Amino acid sequence: MKHFLFCLCLVGSLLHVWAQCTFPTSEFLLKGDYMIGGLFDIHHDSTTVHHNKPVAAICSSKHFVLSSYRRFQLMRFSVEEINNSSQLLPNVSLGYEIFDHCSDVQNFPGILKLISFNDFIQPWGESDDILSKLIAVVGTYTSTETRTVAPLFMMNLIPMVSYGAASSIFSRKQNFPSFLRTVQPNEDVIEVIVKIVQYFAWSWVAFLNVDDDYGNDGLTLFIKNIEDTEICLAYTKGLNHNTDYSSIFRQIESHRIHIIIVFAPEWTAEALIKSAIEQNVTNKVWIAGDAWSLNKRLPSEKGIKNIGTILGVAEQVVLIPGFNDFIHASKNQSCCESAGKLMFCNQACNCSWISAKDVIDADPSFNFPVYAAVYAIAHALHNALQCGSGTCNGNIRVYPHMVLAELKKSNFTLLNRSFEFNENGDPKYGSYSIVYWNHHGHAEEVGTYGFQPSSFHFYINSSKIQWHTNDKVPTSLCSEECKVGYAKNHDGIHKCCFMCELCPNGTYVNITEDPYNCLPCKDTEWSEPGSTSCSLRVVEYVPFTDSGAILIMVGAWVFVGLTLATSVVFAINYNTPVVRSAGGPMCFLILGCLTLCTISVFFFFDKPTMSFCVLRFLPFLLFYTVCLACFVVRSFQIVCIFKIAAKFPKLYIWWMKYHGQWLVITVTFVTQAILLLINYFNHPPYPYNDTFWYPDKIILGCDISFSATSTSVVLLVTLCSLCFIFSYMGKDLPKNYNEAKAITFCLFLLTLTWIVYSTVFMLYRGKYIPILSALAILFSVYSFLLSYFLPKCYIIIFQSYKNTQQYFQGLIQNYTKTISQ
């Protein structure tokens, strides 16, 4: 009897154990009216092994990912919460079939299981009955996994709502027509990272990304986003399980990079950071992407504080009510997780050792996207079934494409958050937290970045960040910023690497508009070397009210008065020998032309105009030519009378008969007039702003072309030369008839005046050049008046005894005797 009772107890115990293993349902499978697929990489296979034949991955033997297990539990919780709701899908139960998708390319059995019907797949000619089993899929997590399996769901328009695949390629609806996601695309994450880098004025950064679709897409977007910024990508490297981290850190150190952006999933980031700790990498700022910014294991790693400061971009953590209670309840239940019990469990999950606390404290990244994905599918099914007032239309047969159509129109509120999809299947609204890994090992929120369809807001409270550089914001520059007034000159292929060059005078640098070029100032502006702006030039010219101008104009009017007085004296004493010997009627022509020459003086003052520029030298050149012609003729006549008449009587007769002196004067005047007309017509003088000689001034002047006056000046020089020749020939003539000496002295003063003028003009260029030119003209006319005419006026007025016929005849007789001896 005792043995019988013992056997009975033993059998009862075995039956109890068998019952416990048989009846509880699997965590991976829940039956319901409509099925949702789930793909979660509870384990992750990071190795790349090439097989000679197709091999399915055994996920339970791979690396366990606690954060993914938490997301897996969150899907189960979401379905249970919906099934317990009386508002959403009333009297309709949701079921799920979840697979541990641990490999990018070796998990197709689970995918095929989802799209099969009674373990049968018919690629062509499927009936609606076969396609009605699965209404949507939640997952997968990574972009590479999604890109691998998505086509299998796309061909039958089975909605695939991903909670983690952020690559921008999935926004292409022509390739992924039934793909939607509840996570923000990479473009938004990269935008936040760029904003952080710009906020702290970091320009020299490294970008380390996982070498897959997710990481390479992030790198492409980062390069695109920094094109029009001051940020330079100094170094980039794709990471995989074979990466030589020591080589990467040597390269980063050699390039003097202090900012490292790590765009990778948590398992890749963990390997990188642990390697940085082992190799004693210090004094860096690490910017984490949203895939690992809330990692729970790394902050507790020994030596994590030595590597520098860690910032990150993370989706805002949303507290999901009831989830913690669900985890505690779930872990208290017995679950068939033995690989040998696959007849009861559709997956082998070696996760019984995970406690409820472990799950609750795991990385909460992408939890709300999982929650939102399940609810989006449920709302879409709710609308497809025309649910309302506590019931759903049981006569409607729902197919995946109907759920897809309703998903695209999603507009619901979940935990006080509005949720919609845009035309690309991406969420319309969202926000990011900017986190800092503090010294307590927690990811502390220090800023936010929220974006709406038409606006965004960005905020960082940098006072919460305890930098590794004694609380000073670290710098990361290829080249130190240039001093004020220096422009950047590119040194190499990177715009952040440059040499500093001082901007010369007449240029400036505007670091806000173009820090790489010295911009020239306008013609009306000037600048000193190393300027950041230009100053207006001082405009200078000689006005009529200038004291120098007034003195010159008074001198000109005095000259006019003296010439008039001389003309009166000569007119009164017209028939006297002195006036006759001076030239007679030719004296009045000379005095008149000298007076007309002074007209030029009045046009050297005030602001130059075209007419002023023309009249500055034209009257002087024209009428002074007549004066010189008269003196040439007069010199020639003196020599001719006393020397040539005796030797060449016929020439003297011809000269007297045809009034050769007036003919020469007329031809000379007409020639000069023609030359001036031609030259001034081809090269007219024009007002000119001289900005060359003085950097801070504009000298208003006239640009008189050398070719416009060269031939006229040559004619004047020729006349002067002839005067000198004839004057030298008559140097021994009688004193009272020796006008050649007076003419020679006049020409000497004229030559000296213009030599002085030319010398000063070459040495000095300023506002008083017009006064110098006017003085030269005034001296030129005064030289003839004072040296030639006033001595004769003195004889006429004060030495009248010398102005008699007898006195002159006596001089001639004495000269004749001297020649005959």
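I placed Val-756 in helix α22, residues 739-763, where helices (H or I, at least four residues) and strands (E, at least two) are DSSP runs numbered from the N terminus. Val-756 counts as partly exposed because its relative accessibility is 43%, with buried meaning under 20% relative accessible area, exposed over 50%, and partly exposed in between (1.4 Å probe, protein chains only).

**Ground rules.** I numbered residues from 1 along each chain as its sequence is written, and side-chain values use heavy atoms, with hydrogens and water left out. Because the model is predicted, local features need pLDDT of at least 70 and side-chain atom pairs count only at pLDDT 80 or more, while totals for chains, interfaces and linings use all residues.

**Disulfides.** I noted eight disulfides in the structure, a disulfide being a pair of cysteine sulfur atoms within 2.5 Å. One of them joins Cys-387 to Cys-392, S to S 1.8 Å; the torsion about this S-S bond is about 110°, so the link is right-handed, and Cys-387 is buried at a relative accessible area of 14%.

I then checked the disulfide between Cys-478 and Cys-497, S to S 1.9 Å, which is right-handed too, with 105° about the S-S bond. Cys-478 sits in the loop between β18 (456-460) and β19 (486-490) and Cys-497 in the loop between β19 and β20 (498-502), so the pair ties together parts that are 19 residues apart in sequence. Cys-478 is buried at 14% relative accessible area, and Cys-497 counts as buried at 9%.

For Cys-521 and Cys-534 I found sulfur atoms 1.9 Å apart in a disulfide, left-handed because the torsion about the S-S bond is about -80°. Cys-521 lies in the loop between β22 (514-520) and β23 (525-526) and Cys-534 in the loop between β23 and β24 (535-536), so parts 13 residues apart in sequence are tied together. Cys-521 is buried, at 12% relative accessibility.

I found Cys-587 in no disulfide, the nearest cysteine sulfur being that of Cys-630 at 9.1 Å; Cys-587 is buried, with a relative accessible area of 0%. Cys-720 is in no disulfide either, and the nearest cysteine sulfur, that of Cys-723, is 6.4 Å away; Cys-720 is buried at 14%.

**Largest pocket.** I recorded a volume of about 1200 Å³ for the largest pocket. A pocket here is an open set of points, on a 1 Å grid over the protein atoms alone, where a 1.4 Å probe fits, with protein on both sides within 12 Å along at least five of seven lines, and lining residues have an atom within 4 Å of a point. Of its 41 lining residues, the closest to the centre are Phe-617, Trp-754, Tyr-757, Phe-761 and Ser-773. The largest share of the lining, nine residues, comes from α21.

Methods: Grid points are joined across faces, edges and corners, and a volume is the space filled by probe spheres set on the points.
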